[in-house]
Amino acid sequence: MIELPKDLRIESRKKLPDDLRFLVEKYPRETWEGHANIGDMARFWLQRHDMFRELSGMLQKSVGDYREGLLQPPEFARWFAPRLRFFLQQLHGHHEVEDLHYFPVFARAEPRLQRGFDILDSDHHVIHDALERNGETARAFLMALQQDDDAKRFAADAYADENARLIEMLTRHLYDEEDIIIPLMLDRGEESLTG
């Protein structure tokens, strides 16, 4: 993993640097869906990202509902645990495939984006650590559901804080990754990148 300057790290980055935005400026988001080169891979990529956004929102909402007393501990745990496990596993697998296969192929196809893929790779390492913390905090939260009200409240607050940090980083990462990858697919055509 390459050490990034603070302003490019996922924890503090507000947007991609201008020199990495040349393709998204050529192919802005509002043109993606109707573009002749939008294919199954780009659609699948966007669908996976939308799934991660939706699941993270559902998990966040469920914790909020629990904290507001709208879900009782057993009901919350039955709903929350399998969805969190699915979310964490799927996100880890998605990043692994990107790091090992897609990012190297895409960087070779457009060397001017190498720094962008380095940024995305760095994001994956930071997000991986956040996923580990999220899982640990969630386990502690689920175990605390068997304890007294103070333990439940403390564990719910700790998980909500950890989850909010993860979602903030994930949201930034997914958006930036799309701004690098989807325009590249549109520019080159999927077949030239995967063939």
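Where do Phe76 and Phe80 lie, and how many residues apart? Both lie in helix α4, 4 residues apart, about one turn of the helix; helices are DSSP runs (H or I, at least four residues) numbered from the N terminus. The model is predicted, and local features need pLDDT of at least 70, side-chain atom pairs counting only at pLDDT 80 or more, while totals for chains, interfaces and linings use all residues. Residues are numbered from 1 along each chain as its sequence is written, and side-chain values use heavy atoms, with hydrogens and water left out.

Across the whole structure, 13 aromatic pairs were found. Rings of Phe, Tyr and Trp (its six-membered ring) pair if their centres lie within 6.5 Å, with planes under 30 degrees apart counted as stacked, over 60 as edge-to-face and the rest as tilted. Tyr66 and Phe76 form a tilted pair, 5.1 Å centre to centre with 35 degrees between the planes. This pair links distant parts of the chain, Tyr66 being in helix α3 (residues 40–67) and Phe76 in helix α4, 10 residues apart. Phe76 and Phe80 form a stacked pair, at 4.8 Å and 20 degrees. Tyr66 and Phe76 are both buried, as are both Phe76 and Phe80 (under 20% relative accessible area, 1.4 Å probe, protein chains only). One aromatic cluster is formed by Trp45, Tyr102, Phe103, Phe106 and Phe117.

Arg29 lies over the face of Tyr175, at 3.9 Å from the ring centre; the criterion is CZ of Arg within 6 Å of the ring centre and within 35 degrees of the ring normal.

Methods. Helices (H or I, at least four residues) and strands (E, at least two) are DSSP runs, numbered from the N terminus. Buried means under 20% relative accessible area, exposed over 50%, partly exposed in between (1.4 Å probe, protein chains only).
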